[in-house]
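Hi,

Here is the structure for you to look over. My notes follow below it.

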Amino acid sequence: MDPIEKKKSNPIALLPIGVFLVLYLGTGLVFEYGMKIEMGFYNIPIVVVFLFALLVAFLQNRSLPFEEKLSVIARSVGDKDIMTMVLIFLTAGIFVGITGRESAEAVAYFLLSVTPAWVAVAVLFIAACFVSTAMGTSVGTITLITPIAVAVANVSGFSPALCIGSVMGGAMFGDNLSFISDTTIAACNSQGCEMRDKFRANFKIALPAAIGTLILILILSSNAGVEHIETPEYNLILLIPYVLVLIGGIAGINVFVVLLIGIFSGLVITLLSGTTDVMSLLVNMGKGADGMFETIMVTVLVSSMCGLIREYGGFETLLAVIHRLFRGRIGGRLGVGLLVGAMDIATANNTVAIVMAGPIARDISREYGISPKESASLLDTFSCIFQGVIPYGAQMLLAVSTAHNLGCTVSAFDILPCLFYPYILAVSSLCYIFLCAGKQKAN
C-alpha cells in the first residue's frame with residue numbers, strides 16, 4: 001500500500017467504533033447474563049450492528065460530500081489485501097466443507113489408540129492442535145473434539161474441565177498458526193506480509209507455550225491411575241488433505257494453490273472412500289462457502305468504516321494515545337497487542353478484532369519500526385490469548401453447551417483454571433516482547 005497521508009487528529013472520528021462497542025457489547029451482556037439466553041452474544045446480528053456503525057460514520061464530517069465518502073469506502077474495500085482476504089476466506093470455507101467431521105475425529109482416535117491411557121488428556125491437546133491447524137478453525141475443532149473429551153473424562157476419571165480446557169487450548173494453538181485460519185488471513189493481509197513469514201515469527205512464540213502446556217498436562221495426569229480407553233474405528237486416509245495443506249503452507253506454496261490441492265485431494269479421497277456421495281459433497285462445499293459469509297461481510301463493513309475513520313483523522317488520535325502510553329521497541333509492540341486484545345474483549349470475536357485493529361496496527365508498526373510479519377504475529381497471538389479465556393467467547397460457550405448436551409455438567413468458571421495454553425502463550429508473548437522483539441532490523 002502507498003504511504004498514508006498524514007491527517008489532523010480528530011477524536012470524534014472514533015465515534016463509530018464506540019457506537020459498535022456499546023451496541024454489541026451492551027446487547028450481548030443483556031442477552032447472555034440478563035435474559036439468560038444461551039449463546040446470547042452470538043444471537044446478535046453483528047453485520048447489522050456494523051452497518052449501523054457505518055451509518056454513523058457516514059453522518060459525520062458533513063464538509064465531505066456524500067459521493068466523496070463513497071469513493072473513500074470504495075478505495076478501502078477495493079484494496080488488494082481486502083480482496084485477497086475475501087477470496088481466501090471463500091476457498092478455505094470450501095476446503096473445510098469437503099473434509100468434514102470424519103477427518104478430524106480420525107486424528108483424535110488414532111492418537112488415543114497408539115498411546116498409554118494415562119496420557120489421554122495430553123493426546124486431546126495434541127489432537128486439537130493438529131485438527132485446528134489443519135482446519136483453520138478453533139470453533140470447528142471444539143465442536144468435533146469436545147465430545148471425545150467428554151467421553152475420555154467419563155471412562156477415565158480425568159476431570160471434565162481438564163479435558164475440555166485442554167481441547168480449547170489446542171484449538172487456539174491452531175487458530176493462531178493455521179495457514180487457512182481466518183485470523184491468519186486477516187492478520188497477514190492487513191499487515192501486508194506472507195503467511196509463511198508470519199508463521200515462522202509466530203511459531204517462535206507459540207511452540208514454547210505448547211511445549212510448556214504439554215509438560216504441565218503430563219505432570220497433572222501422571223498420577224491419575226487410568227489404565228484403558230476404548231476407541232472406535234477410524235480411517236487414516238481421510239487425514240491426507242490436511243497433511244498436504246500443512247506441508248504446502250510450511251513450504252511456502254501460494255495459499256490459493258495449497259487450498260486447491262487440499263480441495264482436489266479431499267474430493268478424490270472422500271468420494272473414493274465412500275464417506276459421501278457427489279450431491280452431498282456439493283452441498284457441503286456450498287455450506288462451507290456460506291459459513292464464511294458473515295466473516296466476509298464484516299471484513300467489507302469494517303474496511304469501509306475504517307476508511308472513513310482514517311479520512312476523518314481518527315487513526316491519528318489513536319496513534320497519539322499510544323505514543324503517550326507506550327514508548328520504544330517494547331511499548332510499540334505492547335500497544336499492538338493490547339489494542340487487538342481490547343477489541344477482542346469488546347467484540348468476543350478474534351477475527352473481527354484483527355480486522356478492526358489491523359489498519360491501526362499497520363500505522364503503529366510504521367511509527368515504531370515493527371516488521372509486517374511481527375505485527376501480524378502479535379495481532380494474531382494476542383487476539384487468540386484473549387479469545388481463548390473470555391467466558392463469553394464462542395469457544396467457551398460452545399464447549400460448555402456441547403458438554404451439557406452430552407450430560408456433562410461443567411461451567412465456564414470450572415474450565416477457566418484449566419486453560420493452560422492461553423495463559424502460557426501470554427507469558428511466552430511477553431517474554432518475546434521484552435527480551436527478543438526489535439533487537440534486529442525490521443524486514
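Is Ser138 buried or exposed, and why? Ser138 counts as buried because its relative accessibility is 3%, and the cut-off for buried is under 20%. Please keep in mind that this is a predicted model.

Ser138 belongs to helix H6, which covers residues 138-156. Its side chain makes a polar contact of 2.7 Å with the side chain of Asp175. Beyond neighbours within four places in sequence, Ser138 is in contact with Ala171, Met172, Asp175 and Gln395.

Now the chain as a whole. It has 443 residues, and 57% of them count as buried. There are 20 helices and 0 strands. Take the contacts between residues at least 6 apart in sequence: 80% of these join residues at least 24 apart. The accessible surface comes to about 18400 Å². Carbon and sulfur atoms account for 67% of that surface.

Next, the core. The largest nonpolar core holds 133 residues. Phe50, Ile415 and Tyr421 touch the most other members. Helix H5, residues 120-135, supplies the largest share of this core, with 12 residues.

Best wishes

Technical notes: Residues numbered from 1 in each chain as written. Predicted model: local features only at pLDDT ≥ 70, side-chain atom pairs only at ≥ 80, totals over all residues. Heavy atoms only, no water. Core = buried A, V, L, I, M, F, W, Y, C linked by side-chain atoms within 4.5 Å. Buried < 20%, exposed > 50% of the residue type's maximum accessible area, 1.4 Å probe, protein only. Helix = DSSP H or I, 4+ residues; strand = E, 2+ residues; numbered from the N terminus. Polar contact = N/O pair within 3.5 Å; in protein donor to acceptor, adjacent residues only side chain to side chain. Contact = heavy atoms within 4.5 Å. Areas by Shrake-Rupley, 256 points an atom, 1.4 Å probe, with all protein chains shown as cover.
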